[in-house]
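Today I open a new model and look up two positions.

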Amino acid sequence: MTKKRFLATLLCALMLIGLSLTGLAATTPGVYTGTGDSQIGGPGTMQVEVTVGDDGQITDVKVVKQNETVGISDAALTGIPAAIVAQQSLAVDAVSGATMTSQAIIAATTDALTQAGADIDALKVAKHVEV
């Protein structure tokens, strides 16, 4: 019985350490709206909604307002939010040809996650993702 209790405690501690390394350990679940400045659309023109699940994970990032160049920014408007969710990180690669749009989405997401109580510095550390 003591060995099982020790292993359960150890497993819980390892899970907490793993979650804290992602920058999402103290994140409060909910939907947060963040804004970012765009060099194309202007100050505060990029707006996203970020959903943080009960487990502290980023479950969704949606661009809800933007004033970017149609066609040029399309790949960033879909690709950057998907990459943030997939990698659980703000250290995602910008979309070639849409760097400024990519940066505005990341800035708006950073704003939303700051409101959620996330550790932004930890989320800006690049993570190795197997392809």
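My entries on one glutamate and one serine follow.

**Entry 1: glutamate 68**

I am working with a predicted model. I started with the location of glutamate 68. I found glutamate 68 in the loop that runs between β3 (58–65) and α2 (74–87).

Next I checked charge pairing. Glutamate 68 is buried, yet I found no salt bridge for it. Lysine 65 is the nearest side chain of opposite charge, and it is 11 Å away.

What polar contacts does the side chain of glutamate 68 make? I noted one with the side chain of serine 38, at 2.6 Å. I noted another with the side chain of threonine 101, at 2.6 Å.

I then listed what glutamate 68 touches, leaving out residues up to four places away in sequence. The list holds Ser38, Ile40, Gly41, Thr45, Met46, Ser73 and Thr101.

**Entry 2: serine 102**

I moved on to serine 102, which sits in helix α3 (residues 99–115). Is serine 102 buried or exposed? I count it as buried because its relative accessibility is 0%.

I looked at its side chain for polar partners on the backbone. A polar atom of the serine 102 side chain lies 3.0 Å from the backbone nitrogen of valine 95. For the backbone oxygen of alanine 98, I read 2.9 Å.

Beyond four places in sequence, serine 102 touches Ala76, Ile80, Ala94 and Val95.

Last, I checked a C-alpha distance. Serine 102 and serine 73 are 29 residues apart along the chain, and their C-alpha atoms are separated by 8.2 Å.

Technical notes
Residues are numbered from 1 along each chain as its sequence is written. This is a predicted model: local features need pLDDT of at least 70, side-chain atom pairs count only at pLDDT 80 or more; totals for chains, interfaces and linings use all residues. Side-chain values use heavy atoms; hydrogens and water are left out. Helices (H or I, at least four residues) and strands (E, at least two) are DSSP runs, numbered from the N terminus. Buried means under 20% relative accessible area, exposed over 50%, partly exposed in between (1.4 Å probe, protein chains only). Lys and Arg count as positive and Asp and Glu as negative; His and the chain ends are not counted. A salt bridge is a side-chain nitrogen of Lys or Arg within 4 Å of a carboxyl oxygen of Asp or Glu. A polar contact is a pair of N or O atoms within 3.5 Å; within protein, one must be able to donate a hydrogen and the other to accept it, and residues adjacent in sequence count only if both atoms are side-chain atoms. Contact means heavy atoms within 4.5 Å.
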